[in-house]
Amino acid sequence: MKFKNPLLVVTDMERSVAFYREVLGLRKIMDFGANVTLTGGVSLQTRESWQEFIEAAPDALVWRGRVSELYFEEDDFDAFAAQLKQRDISYVHGVKEHAWGQRVVRIYDPDGHILEIGENMKTVCKRFLDSGMTEEEAAQRMDVPLRFIKSCRGKVRSDEKYY
């Protein structure tokens, strides 16, 4: 058994593909009309075909359920957050920093699916180290093993795991 990719049901395929391309930089890699796969493994399925597949009435589908999300990481989080401000985006919440130091923002796609975009954890590590924290302080602040911090600095052998 192997997990392949998540599938989101969408009401307007063109609008959704444009959103994922323009906001997250994803591209189409397969297009079967009612089903489109984007880079990163995200699949989009039309509402009509999905209803047929699962034999559901139109009112059986729940939009904006707020019980799941797709998670993405961004290396240049500041630039991404600034770019979001230039768009008409519906936010779950604006940029916030979690206890472990990672900055995140959650937004809705056009159909109300929640997308979390987080700062790449190696970038968080670099930010802390660049601010003057020791490796030990960064590991404690991020609640990660010291090996993870060392791996961000290239101090862990390639055959050595950091977890």
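One term before we click on anything: a residue is buried when its relative accessible area is under 20%, exposed when over 50%, and partly exposed in between, using a 1.4 Å probe and protein chains only. What you have on screen is a predicted model, where local features need pLDDT of at least 70, side-chain atom pairs count only at pLDDT 80 or more, and totals for chains, interfaces and linings use all residues. Residues are numbered from 1 along each chain as its sequence is written, and side-chain values use heavy atoms, with hydrogens and water left out.

**Stop 1: the whole chain**

Show the chain as a cartoon. Trace the chain along its sequence and the pattern reads β-α-β-β-β-α-β-α-β-β-β-α-α-α. The C-alpha trace spans about 55 × 40 × 25 Å along its principal axes. Of the 163 residues, 42% are buried.

**Stop 2**

Select residues 13-24, helix α1, and residues 77-85, helix α3. How do you describe a pair like this? Two packed helices are described by the angle between their axes and the distance between the axes. The axes of α1 and α3 come within 10 Å and cross at roughly 130 degrees. Axes here are lines fitted to C-alpha atoms, for helices over the stretch in contact, with angles from 0 to 180 degrees between N-to-C directions. Angles under 35 degrees count as roughly parallel, over 145 as roughly antiparallel, 65 to 115 as roughly perpendicular and the rest as oblique, so α1 and α3 are oblique to each other. Where they meet, E22, V23 and L24 of α1 face F80, Q83 and L84 of α3.

**Stop 3**

With 18% relative accessibility, L24 counts as buried. Set aside neighbours within four places in sequence, and L24 is in contact with F19, F72, F80, L115 and I117.

Hop over to F77 in α3. Is F77 buried or exposed? At 2% relative accessibility, F77 counts as buried. Beyond neighbours within four places, its contacts are V95, R103, V104, V105, I117, G118 and E119. F77 and V105 are 28 residues apart along the chain, yet their C-alpha atoms are separated by 9.5 Å.

**Stop 4: A138**

Next, select A138 in helix α5, residues 135-142. A138 has 0% relative accessibility and counts as buried. Not counting residues up to four places away, A138 touches F128, L129, M133 and I149. From A138 to R127, 11 residues apart along the chain, the C-alpha separation is 9.4 Å.

**Stop 5: two arginines in a loop**

Finish in the loop between α2 (47-54) and β5 (69-74), where you'll find R64. Its phi is near 55 degrees, a positive value in a residue other than glycine. R66 sits in the loop between α2 and β5 as well, and phi of R66 is also near 55 degrees. R64 counts as partly exposed at 43% relative accessibility, while R66, at 53%, counts as exposed.

Definitions and conventions
Helix = DSSP H or I, 4+ residues; strand = E, 2+ residues; numbered from the N terminus. Contact = heavy atoms within 4.5 Å.
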